[in-house]
Amino acid sequence: MLDVVVKLYRKLDRPIIDGDVFEYSGEIDESISSLIDEAEALPEGFGRIEIQSRNESFVDFEFFLPSGGEAAFCQSFDDLIERFPSVSKGILPCNFYIVGEDWAPFDGEVSDKYERLKGVCSLIQCLSSLAISVDATSSPYYDNLFFAVASSDSGKPKTFVLKTKVNVDMLEVDVKHIKVLKTLVDDKYEGKLHIEERKMIFKSSLGDVLSLESVGSDSFLYLIKNWDDMIHNYWKSLQAYVYGFSFDKIRTEIASAEIEYCTKLSSSLSEIAGKLLALPLSLAALPILSKTEERFDFIAISLGLLIVTVVILCMVVNQWFVASRLKSSFDTMFEQFKIKLDGYPRSLRDLLNKTLNVVHRQGKLLNKIFFIFSLISLVPMLGVFYLSETKYSLFSVLYGMLHSWFSSLTSFISSLS
């Protein structure tokens, strides 16, 4: 019905409103005359028109606009909240006109502020259904919602009160994910699996947010501004609860993977440790080689040491690759846990991080050990080369032969040219 008043007001080029009254005196056409007739027939809750004089082409009247109750002309959304206190109780008005924005709900156009106001009212209704008690009589301007959540201190529940006082600042915040709360309080989901546990988790997340703000008239505004964070904490807590039964299995998988990795790595190191016993024997052969006077004996022992060096070096490098493959397999296995790390409880996250850090440090240590073993494996070969040069000037002879051959080759090429 208010749309008739709004159409008339716009048809008259939106005259000035003074004290919820606007006046008009001037020419009219058939459409304005028809709207005046409709306005006269409206119930008084939608305004009252007092015509001073009127004929077919002229009218002089005052229109006393509705100021609340069933309908109202409001200068702004702030004025709307003042004129309709029921907004703070979750009741959304629909018969109003915002003069400053020339907008009404029945225009068919979307208003961001109205959509946000609609979300706030929906939030109040859902929170009222979730609260253990609602005080709707202490104040005509808001409700007091009482909540209770479990407390870790002496097992007593922690209670808090939320005052649903709406103000225009809330219309600057886009409240998302209200459907999450609607699902919890919808009657058709009553009795569904884990629905009561979900409600408890939601109340706990709500209590965590409101515990950071002193209970007062601004607590609802604080909740609106931090709604996204509260929903995020709720999803994390819910995930921890729903998948809580699988955390023991994850712990077992982590322990099994760690044991398997350590077992295989220990087996690999034990295998190489037994074979590396040949390394001290080859080093012990160097003094014998230095005292050998017979050229044949020297060559035989040298060849033996060179073969041992190559075998040990290949063995060390091979075991190095084996350890690297074990580390890669371990990293691949634990990648599935690292992806979901944020959804695990803190104790499990700490366990997983500790395991990964230990394996990472162990991998770095093994790389250093294998590198040192590789260098030690070359010692017999280097000893053979040193003794060969010291006793028989082997490298000097080879150098002389190469130099002579190169000189001959150079001379031959020069003669050809």
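Tutor: Of the 50 residues that form the largest nonpolar core, Leu127, Phe202 and Phe220 touch the most other members. A nonpolar core here is a set of buried Ala, Val, Leu, Ile, Met, Phe, Trp, Tyr and Cys residues joined through side-chain atoms within 4.5 Å; buried means under 20% relative accessible area, exposed over 50%, and partly exposed in between, with a 1.4 Å probe and protein chains only. Helix 4 (residues 112-130) gives this core its largest share, nine residues. Helices (H or I, at least four residues) and strands (E, at least two) are DSSP runs, numbered from the N terminus. Another core, of 27 residues, lies apart from the largest one and has Phe22, Leu65, Val99 and Ala104 among its members.

The model is a predicted one, in which local features need pLDDT of at least 70, side-chain atom pairs count only at pLDDT 80 or more, and totals for chains, interfaces and linings use all residues. Residues are numbered from 1 along each chain as its sequence is written, and side-chain values use heavy atoms, with hydrogens and water left out. The protein has a mean pLDDT (the predictor's confidence in each residue, from 0 to 100) of 79, and 77% of its residues reach 70 or more.

Let us return to Phe202. Leaving aside neighbours within four places in sequence, Phe202 is in contact (heavy atoms within 4.5 Å) with Leu127, Leu130, Leu181, Leu184, Trp227, Met230, Ile231 and Tyr234. Phe202 is one of the buried residues of helix 6, which also include Ile195, Lys199, Ile201 and Leu206. The 16 residues of helix 6 (residues 195-210) should span 22 Å at 1.5 Å a residue, and the end C-alpha atoms are 23 Å apart, which agrees; the expected span is 1.5 Å times one less than the number of residues.

Leu184, one of the partners of Phe202, is found in helix 5 (residues 178-185). Leu184 is buried, with a relative accessible area of 2%. Along the chain Leu184 and Phe202 are 18 residues apart, and their C-alpha atoms are separated by 8.9 Å. Not counting residues up to four places away in sequence, Leu184 touches Ile195, Arg198, Lys199, Phe202 and Tyr234.

As for the protein as a whole, there are 14 helices and nine strands, and buried residues make up 36% of its 417 residues. Of the contacts with a separation of 6 or more, 65% join residues 24 or more positions apart.
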